[in-house]
Amino acid sequence: MVRCVAYACACLALTGCIKNNVSTTNAQIMPVGVAAPARPPRVILTSTAQLAKAREIVMNTTTMYGATLILASPVSLAADCTQLGTVAAKVVMPPSHGVVHIAQGTAFPHFVPGDPPYACNAQKSPATIITYRSSRGFSGEDTTAVQIFFPDGSAPTVLFHIAVQ
């Protein structure tokens, strides 16, 4: 089962929130014809799989005063784009200077290359749409936290730092 917190996968794909670095510091060079020592197989996790293990995710975003900002549109999809179940969410820390709204709808997923449902990005899928709108006349920093409940039982908390301009 693969799922994605859409804004976080976009963050991972576009800004490299989690970086996969390859280092040759401890590399072992083997002469041609010499068998390399046996090593246990290495498990390679996609960005979405790494994200799925997170308990808390921190996101920084910016919006204009008076605009409705989509904070997240989490989905739960199989590799063939079928829905694995409904994603639920609840506000665990309301914003001080705005309102968060949670509704069921549809959205384009944001899986990163290498994730099995990456092809699902081309079509809208059932999603939980989480939006933020600042209070009238407010500009500055606001913070809110939302817990997202996936069908597999995982429930990361996402802390949003929102700059309202």
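A search of the whole structure, which is a predicted model, finds 1 cavity of 30 Å³ or more. Rolling a probe the size of a water molecule over the atoms shows where empty space is left. The volume of the largest cavity is about 40 Å³, and its lining is made up of P74, V75, S76, Q83, G85, V87, Q104, P126, A127 and T128. Two elements, β4 (75-77) and β7 (125-134), each give two or more residues to this lining, and β7 gives the most, with 3 residues. When the lining residues of the largest cavity are sorted by class, 5 are nonpolar and 5 are polar, while no charged residues are found among them.

Turning to the cysteines, the structure holds 1 disulfide. A disulfide is a covalent bond between the sulfur atoms of two cysteines. In this model the bond is formed by C81 and C120, whose sulfur atoms lie 2.1 Å apart. The pair links distant parts of the chain, since C81 is placed in the loop between β4 and β5 (88-93) and C120 in the loop between β6 (98-107) and β7, with 39 residues separating the two cysteines. The torsion about the S-S bond of C81 and C120 is about -105 degrees, and the disulfide is therefore left-handed. Both C81 and C120 are buried, a term that applies to a residue with under 20% relative accessible area.

Note on methods: Residues numbered from 1 in each chain as written. Predicted model: local features only at pLDDT ≥ 70, side-chain atom pairs only at ≥ 80, totals over all residues. Heavy atoms only, no water. 1 Å grid on protein atoms, 1.4 Å probe; cavity = no way out; pocket = protein on both sides within 12 Å on 5 of 7 lines; lining within 4 Å. Points joined across faces, edges and corners; volume = space filled by probe spheres on them. Helix = DSSP H or I, 4+ residues; strand = E, 2+ residues; numbered from the N terminus. Nonpolar A, V, L, I, M, F, W, Y, C, P; charged D, E, K, R; others polar. Disulfide = S-S within 2.5 Å. Buried < 20%, exposed > 50% of the residue type's maximum accessible area, 1.4 Å probe, protein only.
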